[in-house]
Amino acid sequence: METGSPDDTGAADTTDAAHPARTEPKRNDPAQNEPEQNEPARTEPARTEPVWTGLPPGLLRMRRLLLVVWLGLLTVAAALLPGLFLAPLWAALALPPLALLVWGWVMLERNWRSWRYAERADDLLISRGVLWREETVVPYGRMQLVEVTSGPVERHFGLASVQLHTAAAATDATIPGLDPAEAERLRDRLTELGEARSAGL
């Protein structure tokens with residue numbers, strides 16, 4: 001009977017059989033640790049915000065020009081006339097019109113920025129106002145007349161206004177200072193939508 005130490009192959013086999021192969025622990029996977037979501041995700045209805053359109057800068061230039069013409073002349077008259085006929089100290093009367101001119105210059109821009117309108121599926125929104133915000137909702141089905149007007153000063157600056165007349169006088173509205181092409185497009189679209197809504201389409 002032969003005795004001897006087992007060869008390398010036999011020792012390796014015995015060791016593998018006695019001690020199964022060790023496996024490294026799995027690293028924590030954040031995706032596996034998260035609980036499975038069996039319930040369907042709740043989707044909230046999407047809220048469609050109105051697409052607002054502002055007024056062109058030509059309206060601001062026109063209003064500031066009118067402000068300078070009227071209050072500028074008043075300031076010059078208040079400074080020269082009392083100073084020439086009474087005393088130089090009376091030229092201080094020009095300070096109130098001058099302060100009003102500066103204040104009006106700033107407020108005209110704020111008022112111009114506050115004007116905007118939005119065309120929605122069923123109505124037209126018009127928003128304006130600096131201290132007191134005001135929004136007017138004009139339903140298309142209640143519009144009776146849409147007209148474009150342009151005075152001599154507006155025509156000089158290339159502007160036009162859109163006037164909306166409805167069944168109720170409280171919902172009448174005006175969008176001033178538009179480009180003539182935009183005013184005509186808005187008039188035609190509002191007229192078409194008004195006729196469609198009034199016909200029940």
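Helices here are DSSP runs of H or I with at least four residues, strands are runs of E with at least two, and both are numbered from the N terminus. This is a predicted model, in which local features need pLDDT of at least 70 and side-chain atom pairs count only at pLDDT 80 or more, while totals for chains, interfaces and linings use all residues. Residues are numbered from 1 along each chain as its sequence is written, and side-chain values use heavy atoms, with hydrogens and water left out. Of the 201 residues of the chain, 27% count as buried (buried is under 20% relative accessible area, exposed is over 50%, and partly exposed lies in between, with a 1.4 Å probe and protein chains only).

Helix 4 takes in residues 95–114, and its 20 residues should span 28 Å at 1.5 Å a residue; the end C-alpha atoms sit 29 Å apart, which agrees. The expected span is 1.5 Å times one less than the number of residues. Buried in this helix are P97, L101, G104, M107, L108, W112 and S114. Seen down the axis of helix 4, these buried residues fall within an arc of 150°, so they line one face of the helix (the arc is taken from the directions from the helix axis to the C-beta atoms). Over on the other side of helix 4, L95, V102, W103 and R113 are exposed.

Helix 3, residues 57–85, has a part in a surface feature: with five residues, helix 3 gives the most to a nonpolar patch. The patch is made by L65, L66, V69, W70, L73 and V153 and covers about 590 Å². Patch residues have over 30% relative accessible area and no salt bridge; nonpolar side chains (Val, Leu, Ile, Met, Phe, Trp, Tyr) are joined within 5 Å, like charges within 9 Å. Areas come from the Shrake-Rupley method with a 1.4 Å probe, and for residues only the protein chains shown count as cover. A salt bridge puts a side-chain nitrogen of Lys or Arg within 4 Å of a carboxyl oxygen of Asp or Glu. V69, placed in helix 3, is partly exposed at a relative accessible area of 38%.

As for the strands, strand 1 (residues 52–54) and strand 2 (residues 116–119) run antiparallel, joined by three bridges, with T53 opposite Y117. Two strands pair if DSSP finds at least two bridges between them. Strand 2 also pairs with strand 3 (residues 123–128), again antiparallel, over four bridges. E119 has L124 of strand 3 as its bridge partner, and three residues lie between strand 2 and strand 3 in the hairpin they form.
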